[in-house]
Structure formats: structure tokens, C-alpha cells
Amino acid sequence: MFNKRLSRDSKKIQSVMKPNYEDYLEKKIQVDDSAIPNDQKSFKDIIKHVFEDVGDFQVRYIPKNDESGLYVYYISGITDVTKLEEQLLLSDELELAVLKENIRNFDYYEADSWKSCIQGCLEGHVVIHLPGEVPFLVNYVKKEQRNVTEPTTQYQVYGPKIGFIEDSRTNISLIRKLIKDPRLKLKEFTVGTLSHTHVGLLYLDEYVDPDLLKLVTSRLESLTMEQLNDGGELAKKIVDHPMSVFPQVYETERPDYTSIALGQGKIVLVVDNSTFSVVLPATLFNLIEISPDNFRMALDNSFIRILRIVSILVATILPALYVSLVGYHPELLPTTLALTIADSRNNIPFPIYLEAIMMIFALDVLVEASLRLPSFVGQTIGIVGGLVVGQAAVDAGLVSTTMIIVSASTAITSFTLPTWHLISSWRISRYLLIVMSALLGIFGLTIGIAYLTLHLCNLSSFGKPYLSPATPLNPKELLNIFSRLRNNQFSKTK
């Protein structure tokens, strides 16, 4: 009588629940963690049932000269069959005793459970079952990967020209090539009940904060998801504030970026099948200062970082400031400038806020179109959209020339930021400020800026304040971000 009827929402949640991998093995296939049988026939019947209707799963029986032979199980597409036959199956030695010794000369391990046996076969290992013994898994994984090439999205003038590829093991080796120190540690995880994606956690012992390492490790161990195909998917699952538009990790495809981050006490996550590694924690100032700054001279370095911060302010505030001043407070403008703007807006049919939203939206559409198209077509789209369409809009009297200048200044300054995720976050914030300025003028702009500031102060990246070292204030570290004049140990002092 205490049975509670499920609500409609509860039934809906139950209907979209995905099947569990362990439950599938145990209930549907009747495979659990019990010991693997040594009998060849029993093992063959079970593993053929596991891989039923898997067309590329191969079972081969190799007869030998003595009383019995051996069984070989593998998936053809991901196993190097040619290497398997040349090194093992087609060897001149046909005695099982000699074959056992041959197997022990290769990279192999014994199957201690059904789950490890099945997973090893799915990763490209070959299961070899000799009569009366526990099956072996021999490493004959077929490597399908491209060569290490130059990064395609994070270009820099100075520094190394090597980028990550889609193989996590190769990416880890690239990092180890830059940091030849035994304190560089690696923890390995397998994420995804379907993809079983390899994730490597790299950190420098004595550099990393133990509490940070414990926090990230616990989140990775408790992570439950079906597929993991990219580092960005992993970042969304483990950050402190997943609903915020501001990035709380830094994704990079450059090994030199990651090596510098490791030296700063950060943690790097390398995800298989992804060309980007995930660096954490990442504050706002970490996203402004990036690796190429270390290859510049001190004064140039300080100037570039100040330039980026000014560009953030211009790209975010300028359109909203233009709307608030022209629409609500033209008396704050110099007389000559106010008359020039009024003359340019003569016969424009749209109010100032709608004109600004239309131009900024058109700018974002143009950027997305150029990114999604091939490089040679994207350049054409930029020229056509920026020159032809923009000039035609002015001639048709749809937008003013002043608005064209404001939009172009906004676009140019936003692209000085080093990370695309940071550009996208401020791009969204720009619309918020324009809407607030359209409603309340300069007072609405002030409220919008205050809201963004409070939101940034409330953010944290794995326990570290997002605006650190500005809040909480650390004067020495904050000064070090903008000014690194004494970065030469041999510099002369008077």
C-alpha cells in the first residue's frame, strides 16, 4: 500500500536511460568476472557468443605437429594481421612448446578476466589460446595515425612548429620530449562505456598542488559517460561551472604550451582521438598570457599583454557604449562628433540599438561562415561580406558609416585574443551589454558591466578564483603578468 506511482517525468527519465556496459555483459551475454576456462572449446563457445553478429571478428584454428593446435581470435580491421602471420603463425617452429616461448618474446599479458579479454580484443590485441592454458593477449594493434605536423589553429611566429595528433600515446611522448625529468608523472584512465577512451593525466611532482591533483583525479574516477571523442567533451563534465560562457580550462594543440603549463603547476589531460590537450586550472589572465609570450623580449611582452586587455574592453564595450551615447546621451559627446554621427544616421530607418544588433550579428555570421569553409573559400567570403555587402548596405541606407567603423573595430580587437573560446565568451557578453544599453542607456551599460564583473568574481576553475591574482589581490603575481622586465639573470643593475 506504500507503492508510489511514478510521475510522468520519472517515466520519461527511465525511458531514456542508457544500458550499462557491465549489465550487458552479465545479464545478456552471461559473462561475469569469473575465471576464464582453460578448455579451448568452452572458451571458444563463450567468446563467439560475445562477438555474435560481429562480421570482422575472426576465429582461426592453427593445427600443429603434436596432438592439438591453438585458436587465434582477433578483429581484422584493427589488428595487424600481416605482422601476426609473419612473426608468429607462419614461423618455422610448429611445436607448441617452442610457440609458447615465441609468444613470451612479444608484448603480451594473460587474460585475468572476461572484461579485460573482451576489451583487449576490441583494442586490436590478438587472443591466443593454447591447449590447457589461460589465453594470452598479444599486442598486434594496427596503428592508423598521421605524421606529426604543424598546428593548424594555433599559429605562432616563434617557437616550435609541432602539433598534437589523434594518438594520445604519441602526444604524451611529445610532451616528454620537452620535459626530460622523472618528476613528470602520468596517471591513466579509461572513460566511456562505449568508446573506452584512454585519458592521460600529466603533472609535475613538487610543482602541482596536491589538493588540485586529488580533486581532478576524483572527478575523473567518478565520471560516467558513454562516449568521449574530444577533450572539450571531457572539460564540460569536470569543470566547476559548466553553464558559464567563460572557459575554465585551456585547450591547446601545441606541446610547448603544455610543457610551460606543467612548469607552472598545472595539470594536463591528454585524450585519445583528440588533437587538443586540456590544461587546468585556467584563469582569465592565464587565457591572456600564452606560450609565444615567452619567446618575446620583456618590453614587447608587457606591451602585447596590455594590448590584449585593452582589446577585450574595446571589443566588448564599444558597441554598447555607442548605442547608449547616441541613443540616450548624445550630450556627452563632443559637438563636432555628435553632428558627424547624426549626419551619418540621416535617413537610416532603424533605431540605433537595432542597427547595432544587426551589424554585430552579421559580423558573427560572417566569421562562422569563413571558419566552416575551406581556407581559399573563407577568404573570398570575408572579402565579399566585408567589402561588397558592407558598402552595399551603406549605399542602400540600411546602416550608417559610423556603425560600420564601430563593427570593424569590434571585430579587429576581438581577434587579438589568443584563444577562440575566450573570443566566443566575450562575443556573447557583447549582446548582453547592447541589450542593457538599449533599455537604460549608460545606466544599463553600467549594470551589465557590474553583472559581468560579479559573475567573473564568482567563477572558479577547480577551486582557483577565476580573476586570480586580481581577486583575491596578489600584487607581486599581478605585476608579473604585465611586467617581466627582470627576466634575465645576467641583466646588469646600476
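The model you are looking at is predicted, so local features need pLDDT of at least 70 and side-chain atom pairs count only at pLDDT 80 or more, while totals for chains, interfaces and linings use all residues. Residues are numbered from 1 along each chain as its sequence is written, and side-chain values use heavy atoms, with hydrogens and water left out.

Is Thr 275 buried or exposed? With a relative accessibility of 16%, Thr 275 counts as buried, because buried means under 20% relative accessible area, exposed over 50%, and partly exposed in between (1.4 Å probe, protein chains only). Setting aside neighbours within four places in sequence, Thr 275 is in contact with Arg 146, Phe 164, Ile 165, Glu 166, Thr 252 and Glu 253; contact means heavy atoms within 4.5 Å.

Five strands form an open, antiparallel sheet in the order S6-S7-S9-S10-S8, where two strands pair if DSSP finds at least two bridges between them. Strand S6 (184-191) and strand S8 (250-252) stand at the edges with a single partner strand each, so one side of each has no neighbour in the sheet. On average, neighbouring strands of this sheet are turned by 25° against each other, direction ignored. Axes here are lines fitted to C-alpha atoms, for helices over the stretch in contact, and angles run from 0 to 180 degrees between N-to-C directions.

Now follow the pairs of strands. S6 and S7 pair in the antiparallel sense over eight bridges, and Val 191 stands opposite Thr 197 in S7. These two strands form a hairpin with five residues between them, and Gly 192 in the turn has a positive phi of about 105°. Strand S7 (residues 197-204) is in turn joined to strand S9 (residues 267-271) by four bridges, again antiparallel. Here Leu 202 stands opposite Val 268 in S9.

Helices cover this sheet too. Helix H9 (residues 231-238) packs on the sheet and touches S7, S8, S9 and strand S10 (277-280), with a direction that makes about 130° with that of S9. Helix H7 (residues 168-178) lies across S6, S7 and S9, and runs at about 145° to S9.

Next, turn to another part of the chain. Gly 327 belongs to helix H12 (residues 298-327) and is partly exposed, with a relative accessible area of 41%. The C-alpha atoms of Gly 327 and Ser 437 are separated by 8.9 Å, although the two residues are 110 residues apart along the chain.

What forms the nonpolar patch on the surface? Val 435, Leu 439, Leu 440, Phe 443 and Ile 447 do, with about 490 Å² of accessible area together. The elements giving two or more residues to this patch are helix H17 (420-440) and helix H18 (442-458), and H17 gives the most, with three residues. Phe 443 is in helix H18 and is exposed, with a relative accessible area of 55%. Accessible areas come from the Shrake-Rupley method with a 1.4 Å probe, and for residues only the protein chains shown count as cover.

Definitions and conventions. Patch = residues over 30% accessible without salt bridge, like charges linked within 9 Å, V, L, I, M, F, W, Y side chains within 5 Å. Salt bridge = Lys/Arg side-chain N within 4 Å of Asp/Glu carboxyl O.
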